[in-house]
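Q: I have a structure open and want to learn how to read its features. Can we work through it together?

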Amino acid sequence: MIIGLALAAPLITSYSPTVLNPSQGLLAPSLHHLLGTDELGRDVWTRLLYGARVDLEIAFLAVLASFVFGTAVGCVAGFFGGWADVVAMRAVDVILAFPFFVLVIALVFILGPGTKSIYIAIIATDWVSYTWIIRKEILSTKRLEFILAASALGYRPLRIIIRHLIPNVITQAIVYSMSDIVFTILTIVTLGFLGLGVPPPTPEWGSMMSDGQQFITSHWQLATVPGIAVVIIGIGLSLFGDGIADRLRVE
Amino acid sequence: MTRGMYIRRRLLLMLPTAFGVTLVTFLMIHLIPGDPAVTMLGVRATPKAVAALHREWGLNKPLYEQYWLFLTRVVRGNFGVSLFYNSSATGIILSASLVSLSLIVYAVVLSVVIAVPLAVLAATHRNGISDQAVRAIPLIGMGMPSAWIAIMLILLMGLKFHLFPVAGLQPGVLGHLDSLFLPGLTLSLGIAPLLVRSLRSSLIDAFDADYVTTARSKGIHEYRVLIRHAIRNALASSLNILGLQIAFLISGTLVVETVFALPGVGALMVNSIYRRDFPVVQGVTFVLALAVILTNLGTDVVHSLLDPRVRFE
């Protein structure tokens, strides 16, 4: 539903998320402005909806890219073993040794501000989880009869991996990716909060929170509302993830 | 395998990871094309400053020699000179670490204080209303940005009811405890949901275990069974969860210390990023990764001491 709201943002709201209107600044919630306006006269409800687009899009795409890359590396490491496995797992260990957010923020700092840096930083740190999960699953699946049979039939490794291994090991990674999206949204919001996220004037929940923080005593809704949006998205995605997990387990 | 051999093996396994961490922190600056010295100095890049940095970091030499230089300095605990403070980055990082360390310890204590009663409540009334409610906590808690929790706590407990200070660090032990309460609570609310979940399931396991049945059949009071036998064992198995959360807690200090204006490493990292103080950013990144590696090692060792069932494979 939230995704629907985000996509339909221009239809639901008549205000622009970026046009400034200082004379209408810091209005209290009313019928014209459902959640009031911020200090620059922008409608908070509008910015919230457009912000959902920005945060969700980055989170989905970054997790998708990490998922694909991490799974590919995990397959190669798990299936072939040997030095490929050693190299991949050392890399995974090293990246996991860094506190996730510390590495992301350091990479964003080095690459400079901007959406592209956020993508690179998240993907560079996030793929390791998928490699870790997939490799572990492959190591236990690889010894099962049907895989041994496929190898005995002389199928090429690529065919075995794609046709036989991936359908059997991907479940765990899909289930994990749901909570990973929530976590990635938190990361993007936190970057935005610290002023290292998506550059203004693009509406983004994290920067909305930090902008609202200075008006906390007089206009508490400015900082509160974006956080509630994140929590709702988190609950929604977690329930969705549980649903997917149950369904995949049944099959 | 004996315990001594196990610990020694864990230490050896740690080395390649630590080595990799130095490689990543070293390569950070080389990710950007161009002269690292100019990148590092930014607006401060006068020809003289650039030349000095070239000399200090051996930037004219081949990459592997630069890495060797970096490695020998890191081993001696030298991360260069802060571009902002103009003093040793290591000293600045170390003094900030103490604040963050007390914050993290505080947060862990608070999260145990929050999680244990909730988990006991849920596990003793399995599938009841309180259990359902407790099981819903992770669902909500996992999705809360710590920045937002911090703002809400400031709003409610600091500004509305004036219960706790909302910024800065007051001197003395009591002052520390007082001013670190809200930041510690913010961090602990981030890990408490996970802890509640794992404690609940290990408590339920413990209630079904033979040693609890034995204790009950000996006529020991239910309350004592709970505290002496069930909780103790459940906490030991949840220790791993806490150990794994150290990386999360450290990440959390970046936001929490910034919001509450505490002079810890997290805020130091964020502020050094604003100031483009590269040596400090690099040093903090390395020290924090090292802290994670050592904590994981420590958790494994402590866990092997607490739980006789750990097999040393």
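Q: By class, what residues make up the lining of the second largest pocket?
A: This is a predicted model. The lining has 19 nonpolar, 7 polar and no charged residues.

Q: What volume does the second largest pocket have?
A: The volume is about 490 Å³. Of the 26 lining residues, those closest to the centre are B:Ser97, B:Val287, B:Leu288, B:Leu290 and B:Ala291.

Q: Which elements give two or more residues to that lining?
A: In chain B they are helix 1 (3-27), helix 4 (63-75), helix 5 (89-124), helix 12 (246-259) and helix 14 (278-306). Helix 5 of chain B gives the most, with 8 residues.

Q: Turn to A:Ser66. Is A:Ser66 buried or exposed?
A: Buried means under 20% relative accessible area. A:Ser66 has 0% relative accessibility, so A:Ser66 counts as buried. A:Ser66 lies in helix 3 (residues 44-80) of chain A.

Q: What lies around the A:Ser66 side chain?
A: A polar atom of that side chain lies 2.7 Å from the backbone oxygen of A:Ala62. Leaving aside residues up to four places away in sequence, A:Ser66 touches A:Thr71, A:Ile122, A:Ile123, A:Asp126, A:Trp127 and A:Tyr130.

Q: How much area is buried between chain B and chain A?
A: Interface size is often given as the accessible area lost when the parts come together. Here about 3,400 Å² is buried between chain B and chain A, and carbon and sulfur atoms give 84% of that. In chain B, B:Leu139, B:Trp148 and B:Ile151 lose the most area to chain A, together 17% of what that side buries.

Q: How many residues does each chain bring to the contact?
A: Chain B brings 43 residues and chain A brings 39 residues.

Technical notes:
Residues are numbered from 1 along each chain as its sequence is written. Chains are lettered from A and ligands numbered from 1 in the order in which they are written. This is a predicted model: local features need pLDDT of at least 70, side-chain atom pairs count only at pLDDT 80 or more; totals for chains, interfaces and linings use all residues. Side-chain values use heavy atoms; hydrogens and water are left out. On a 1 Å grid over the protein atoms alone, a cavity is a set of points where a 1.4 Å probe fits but cannot get out, and a pocket is an open set with protein on both sides within 12 Å along at least five of seven lines; lining residues have an atom within 4 Å of a point. Grid points are joined across faces, edges and corners, and a volume is the space filled by probe spheres set on the points. Helices (H or I, at least four residues) and strands (E, at least two) are DSSP runs, numbered from the N terminus. Ala, Val, Leu, Ile, Met, Phe, Trp, Tyr, Cys and Pro count as nonpolar, Asp, Glu, Lys and Arg as charged, and the others, Gly among them, as polar. Buried means under 20% relative accessible area, exposed over 50%, partly exposed in between (1.4 Å probe, protein chains only). A polar contact is a pair of N or O atoms within 3.5 Å; within protein, one must be able to donate a hydrogen and the other to accept it, and residues adjacent in sequence count only if both atoms are side-chain atoms. Contact means heavy atoms within 4.5 Å. Buried area is the accessible area (1.4 Å probe) that two parts lose on being put together, summed over both.
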